[in-house]
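Morning, everyone. I'll take you through one chain today, and I'll keep it brisk. Here it is on the screen.

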Amino acid sequence: MITRHWRSRWTFLRSFVTAPPKSTSHITPMLRQYIERKKEYPDCLLLFQVGDFYELFSDDARRASHLLNLTLTRKSKSKASDGLDIMCGFPLASLHTYVEKLVRHHGEKVAICNQSALSAKQRGGLGIDGLVQRHVVRVVTPGSLTEDSMLQPTQNNYLVALSKQSSDGNVQIAYADISTGEFHALTTKPDQLESELCRLSPTEILLPANADSSESWQQLLSTLPSTCLRTFRPEQDATKMITDYLAYAHVTTQSLVSTPLGSRMLIDASAWRSLEITNSMQGNRKHSLLQAIDRTKTPGGARLLSQHISTPLIRIEEIKDRHEAVQALVDSRHTLHKLRHILQDCGDIERSLRRLAMGSGTPKDLKRISDTAVECQALVPLLRSLMPSQLESCRTALEQPEVVTLAMELQNALVTDFVKLNQKDGFIRPGYSAELDRLRSMCNEDNQIASLQTKYQQETGVNKLRIVRKKHQLGWCVEVPQEMALSASAYQLIQTTTKSLRYRTPDLDQLNFDVNHAVEQSLSYELGLFGDFTAQIVALSPQLQAMAEALSLIDVYCSHAQMALDHNLIRPNMTNEPSLHVTEGRHLVVESAHEATNRSFVPNSVHLDPSTSCWIITGPNMGGKSTFLRQAAHLVILAQMGSFVPAISAEIGVVDRLFSRVGAFDDLASDRSTFMVEMQETATILNQATSRSLILMDEVGRGTSVQDGLAIAQAVIEDLLRRRTRLLFATHFTELDSNASNPSIAFYHMQVILTQNGLVFSHRVVPGVASDSYGVEVAALAGCPRHVIDRAKDLVKANRRPKE
């Protein structure tokens, strides 16, 4: 678990912050300045700019040395008691590389303290204050990232804040993606907090400072994901906590877009884990439902698809609107192909716009926005031929004359070389600005250098004399071999090397001054143009945001349509009845895995309605019970997110809550056995399920004695039947067939064929109760020794009671 509490990072400062040391003679003015900045950001690794390097001191240096493999050094031979003589560092040019390692790979928080003004001595003055002023300009944390190199383009990067409401005990959740400007706030019950956090998968969580010691927070803390950074802040409203924290991190909050979160299906926390909706059991997207259906072409589209699958709709009109848009694209394959071809050249407007609004953008962000805005216009005539209201609103959002005009201006102004777009100068196209071209021409001193070199060779008679350009401090200078020293008074020796002598002259001094002045003017003018373009882009933020959202939505609809065509998906019929009728449904993730090995997937049907609301499925392990349960849940999620579904036909009643008690694991850290975890998940279902919910339960009661397990399973089924909820119940308890007379229950089992060579799993769901569990045969398939299998068969025969 990555947990960083500000108190734990304050220890090494106490000696000279709360109680000054007896002797402070070794603490220089610069180190005192460092201590002051460290006091302001005690929970961060402080990167302290010293000239052309970033330095870390004391405990920060030790930790950074360990994490980044940097060499520790001492400023003096004698050890200082406060450790401030220990340091390590890296060049300014390596800042992004090391910050990425510290924040993304190690979960650290980093405060960047830059030199903000020259000292009196550096300015050429006579002041006594020779100390360079330094201030923290940015605090980089896992939840406040905006840089492309530190973000996954297809995933949101959420910062979450939690606070408890004293009136009713509910939890307020505020969350924001700083890289896109998205912001939401909602209130939830404590028992639903884990589900919300599974949906968001945050990289950093803000908690009240007293949460560690408060009993009321202890149970909530146990549900927080262990993979994200926990940051403790003063207790306040969750929304205020985020805005204050971003101000602390020097991140502007003016462009955060607060949008209402509509009605959506609630997915239980255990369902998030067992159904592998956005992440597989291995913790990544591979073999997840999201990965199986993702055919998006843009980063924004991929993020929106992830949001849709995490928040399926429950309003039938909204679901049907999405299905209408997908159907229109499926029916217009030629248009779909053209749309997807254009979309693949569209960039990430949201994140580029956000960086420009924050003041951390580059010319590349301007180029990305302008290119995408121009590409968007090719989508407009294609969308005119499609009638659904969802696509019509997208077309309207793309038609932004002001944005297009500015985009064309940027196309004329910016070079096409993306390497130059990442530099501080050279990104404005030659010929765009006459003034900039004039200043650049003044920087081209090649002709003057050639003329001066010829002149000096003739004056000195040294043909090996060359005029060379060295580092910025020297600029252009005369260079001759060591044995050809120049004695004329016009040549002033400034540097000696092992092979050459370097001189300055009045002509070169003037040239250096003129060139440097021209370069500064050229750079200033070019940066001014960049500032003007940035201001114009930011002024059009609402239009650009609407354009970005429309692009992402079109991409998602095109992804659904392409998926439907590639995998024979059909449009489901959505109703408000508590029913679920699917004919020959398929599990997309398993089917995709089978296709990779040239195997075919066996489809199955399911029919639940008010008259038969419960299926009890029996059969051996490896028979496919869990796959069948997960398949039903995936079909419902796909339908309600707006996608078509893998089946021959499907009529799906809208599900308000999805519960899944599938799979087995313990929680040793929380002192919970496998059976306790299963019972807690069962309790959650019994406490929260409604008549419109869909519940999947697999082998409830298996972790205890047969009698107790059977009794628990029977009681759970009876309680859920009274609520008329839709229930798929997989079990090995064939004794549950005593409920066969209940018309609300239907019994099915996984078809298995026993041959001389062993079991053959057909993976077909057929009516009836399984005649045997075939546990011994499955053990044989797993590779248990033959003598153990034979002994087990003998014991089964001896213990089996004869049937009457």
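Which element gives the largest share of the lining of the second largest cavity? Helix H5 does, with three residues. Before the details, some ground rules. This is a predicted model, where local features need pLDDT of at least 70, side-chain atom pairs count only at pLDDT 80 or more, and totals for chains, interfaces and linings use all residues. Residues are numbered from 1 along each chain as its sequence is written, and side-chain values use heavy atoms, with hydrogens and water left out.

Now the terms. Helices (H or I, at least four residues) and strands (E, at least two) are DSSP runs numbered from the N terminus. Cavities and pockets are found on a 1 Å grid over the protein atoms alone. A cavity is a set of points where a 1.4 Å probe fits but cannot get out. A pocket is an open set with protein on both sides within 12 Å along at least five of seven lines. Lining residues have an atom within 4 Å of a point. Grid points are joined across faces, edges and corners, and a volume is the space filled by probe spheres set on the points.

Back to that second largest cavity. Its volume is about 40 Å³. H5 spans 193–200, and strand S13 (266–267) also supplies at least two lining residues. Among the lining residues are Ser 195, Glu 196, Arg 199, Arg 264 and Trp 272.

Helices H10 (299–310), H13 (349–358) and H22 (541–567) each supply at least two of the lining residues. Here the classes run to four nonpolar, five polar and three charged.

Next, the second largest pocket. About 1400 Å³ of space lies in it. It is lined by 34 residues, and His 96, Glu 147, Ser 360, Gly 361 and Thr 362 are the closest to its centre. Elements giving two or more residues include H4 (95–105), S5 (110–117), H13 and H21 (506–539). Helix H14 has the largest share, four residues. By class, the lining has 14 nonpolar, 12 polar and eight charged residues.

On to the sheet. Four strands form an open sheet in the order S18-S22-S19-S20, with mixed pairing. Why is one side of S18 and of S20 left without a neighbour in the sheet? S18 (573–575) and S20 (604–608) stand at the edges, because each has a single partner strand. Neighbouring strands are turned by 15° against each other on average, direction ignored. Pairing needs at least two bridges found by DSSP. S19 (580–585) and S20 pair antiparallel over four bridges. Leu 580 stands opposite Leu 608 in S20.

Last, the domains. Their bounds come from an automatic or database assignment. Five are given, among them domain 2 (148–261) and domain 5 (573–772). The centres of those two, over C-alpha atoms, are 34 Å apart.

Key:
Axes are lines fitted to C-alpha atoms, for helices over the stretch in contact, and angles run from 0 to 180 degrees between N-to-C directions. Ala, Val, Leu, Ile, Met, Phe, Trp, Tyr, Cys and Pro count as nonpolar, Asp, Glu, Lys and Arg as charged, and the others, Gly among them, as polar.
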